[in-house]
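Biologist: Could you walk me through this model before I set anything up with it? I would like to go topic by topic.

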Amino acid sequence: MNQYIGKMLDNRYEILDVIGVGGMAVVYKAYCHRLHRFVAIKVLKKDLASDAEFRRRFHEEAQAVAMLSHPNIVSVYDVSKGDDLDYIVMELIDGITLKQYMQKKDGRLNWRESLYFITQIVRALGHAHSRGIIHRDIKPQNIMVLRDGSVKVADFGIARIMSAAQNTMTQEALGSVHYISPEQARGSHIDARADIYSAGVVLYEMLTGRLPFDGDTPVSVAIQHISAKPMSPREIVPDIPIGLEEITMKAMASRIDQRYMNAEAMLRDLEEFRKNPQVEFHYNLAAFHGAQPVPEEPTQPMDGTGTLGRRQRQPVRTRTAPPPRRYPPEKQDDYEDDDPRDRRRNLVIPIVVVVFIVAVGVFLWLTFFSGIFDKEDTIKVPNLLGEKLTDVLQDEEVLKQFKVVEQSREPSSEYEEGEIIRQDPEGGSSVSESKELITINVVVSSGQETIEMIDVVGDDYDVAVSRLQQMDLKVDTATKQASDTVEEGKVISSNPVKGAKVSPGDRVQLVISTGPDVKKVAVPTLTGISLDNARSIAHSAGLNIGNVSEVNSDKPAGQVIYQSVAPNTQVDEGTSITLQVSKGPETKPEVTKTIEIALPTDGRETVTVQVTLDGKEVYTQDVKTDVGTTYVSITGSGTMQVCVYFDGELASQFQENFDE
């Protein structure tokens, strides 16, 4: 049995079960006894806890993820760093991984469901990137699908702050090789666009039911990410809309400069496609993959440390070539010697080299001599990005050679209203000088996109925060305020108010109710006095007397012997106090007994017989003495003193126990 099962961490988290094991940590299901909720706890493995570098990475992960607060990212609640145990407390997700979900759907999703999932993933990445965090390991296994259909990106286990030193593939495993970006495969410096590429691969897999690249070894797959061109999604599934295929291939562009520059840019295209599935973006898909074909032939040792395939013959079309023939290792050389393709290759290689050299020479000759004999005058296009259109239209230097034409306006979070956000031709590019003015088409910012503030008054605080974050609004630390009308923990008011115009990224202030504003009073001493006095004192202190019960005690009847709230305790004004009042000692039940009395023999014919119990007369009777003995019934409880008198004189006395 696991050593932590049943253990209580920090006197708060009760470990219940193991729910996952990763490279660095074990994940447990636990119960938080303070907030009464189930959580997931990631505990650093013992063999790594002694390594200072691993502990540093582990807590760097926690600090990075704790910076994130987004409905599509698994939340981090708590972090603990002790001498013998390091752990992170996270949101417990009730769901399955996207990989498991796809397997349930026979490996492929329809394009509408794929669009729904990828939009949420890209929103999560945009939030993380805006806070300087790159995930580095986006894949279906790290994306959780909840019961309501929403997704949460999980496991920022190898996330790093953008400014931190980058790790290469040779230093540590950076996620699954099937989803890594070309720059990760090369071990180059990466930025947020690496996550965009991985998200594109996830979208590709959801749409087609297959990975863009596959191979026998991780090295062969990594090389394909760098140099191969994947089959287009519509070649695999023809009913995929063109616009969604374009988004997929742009996100997966092997050339980083052709890829989406950030998550917001990809999200804009996804939103435009969602509104109009017939839209086409007319991207140059051929420009996204400018590398050479990938290895195809049987693998051979390379420097004794790995294997690389021999070069594939890639057809001109984008469809992946069929897999190469495989031969037994011991027969490999024989088959190669007999293969006529190798003989042709021995001739082709030198020919290709010669053609390449000639082509380079021709290019250099044309470049040099065209500059001498046929040089055309060019001018630089000014960079107008960020400039006010009104200022540009009054700039005489620009207007001498250029005509600036506004094409459209669109919202922008980067540029203020009226500033130029795109231009064609691009600034800094060269254009041929002309007698006529050269047109520069520009797109101008209409300011930040505005939306109406929703009504969160009356919502639970957590619900209000979640709704506002879905709108990409930021929520400041809440102000707490007493309220007689709004339940504790619910929103009293918001700033901005309902209906006000807000923009993504704006901050919202919430006022949260602490319940009615109640005065605190000290509870007085109410014991040792009569019930009437206790009522009077409690009323003067602003308290009420609630239930009053009577109990037997050795205290005098009518005296208060118990109060439900101890004296000097601070309570809300109007609190009810329960009292107990004494009704005296407990009375035992009475028992009747018959006692035998021997009459006197001194010659008296009659005698007056008198009996008392504890001094109280209970029997008097004249009796004839000749009967010798008389019997008297007496009734009492407990042990009592019995006295017998003859004609007024004490004849005998004794103790009688009525309980026996």
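This is a predicted model: local features need pLDDT of at least 70, side-chain atom pairs count only at pLDDT 80 or more; totals for chains, interfaces and linings use all residues.

Biologist: Okay, rings to begin with. How many aromatic pairs does the structure hold?

Modeller: The structure holds 7 aromatic pairs. One of them is Y101 with F117, where the ring centres are 5.4 Å apart and the planes stand at 85°; planes over 60 degrees apart count as edge-to-face, so this pair is edge-to-face.

Biologist: Where do Y101 and F117 lie?

Modeller: Y101 belongs to helix α3 (residues 98–104) and F117 to helix α4 (residues 111–130), so the pair ties together parts that are 16 residues apart in sequence.

Biologist: And are Y101 and F117 buried or exposed?

Modeller: Both Y101 and F117 are buried. W111 and F273 also form an edge-to-face aromatic pair, with 5.4 Å from centre to centre and 70° between the planes.

Biologist: How buried are W111 and F273?

Modeller: Buried means under 20% relative accessible area, so W111 counts as buried at 16%, and F273 is buried as well, with a value of 0%.

Biologist: Which residues form one aromatic cluster?

Modeller: Y101, Y116 and F117 form one aromatic cluster, and Y101 and F117 are the two residues whose edge-to-face pair we began with.

Biologist: What about charges over rings, say at Y77?

Modeller: The charged end of R37 sits over the ring of Y77, at 3.9 Å from the ring centre. There is also K250, whose charged end sits over the ring of Y283, 4.8 Å from its centre.

Biologist: Switching to the sheet, what is the strand order?

Modeller: It is an open sheet of 6 strands in the order β1-β2-β3-β4-β6-β5, and the pairing is antiparallel. The edge strands are β1 (8–9) and β5 (76–81), each of which pairs on one side only.

Biologist: How many bridges join β1 to β2?

Modeller: There are 2 bridges between β1 and strand β2 (residues 13–21), and the two strands run antiparallel. Across that pairing, M8 stands opposite E14 in β2.

Biologist: Now the cysteines. How many disulfides does the structure hold?

Modeller: The structure holds 0 disulfides. As for individual cysteines, C32 is buried, with a relative accessible area of 1%, and C643 counts as buried too, at 10% relative accessibility.

Biologist: Where is C643, and what does C643 touch?

Modeller: C643 lies in strand β34 (residues 639–646). Not counting residues up to four places away in sequence, C643 touches Q610, V611, T612, L650, S652 and Q653. From C-alpha to C-alpha, C643 and T612 are 5.2 Å apart in space, while in sequence they are 31 residues apart.

Biologist: Last one, helix α6. What span should its 16 residues have?

Modeller: At 1.5 Å a residue, the 16 residues of helix α6 (residues 193–208) should span 22 Å, and the end C-alpha atoms of the helix are 22 Å apart, so the two values agree. Helix α6 is also mostly covered, with 16 of its 16 residues buried.

Biologist: And what comes just after α6?

Modeller: Just after α6 comes G209, which takes a positive phi of about 80°.

Key: Residues are numbered from 1 along each chain as its sequence is written. Side-chain values use heavy atoms; hydrogens and water are left out. Rings of Phe, Tyr and Trp (its six-membered ring) pair if their centres lie within 6.5 Å; planes under 30 degrees apart count as stacked, over 60 as edge-to-face and the rest as tilted. Helices (H or I, at least four residues) and strands (E, at least two) are DSSP runs, numbered from the N terminus. Buried means under 20% relative accessible area, exposed over 50%, partly exposed in between (1.4 Å probe, protein chains only). A charge sits over a ring if NZ of Lys or CZ of Arg is within 6 Å of the ring centre and within 35 degrees of the ring normal. Two strands pair if DSSP finds at least two bridges between them. A disulfide is a pair of cysteine sulfur atoms within 2.5 Å. The expected span of a helix is 1.5 Å times one less than its number of residues. Contact means heavy atoms within 4.5 Å.
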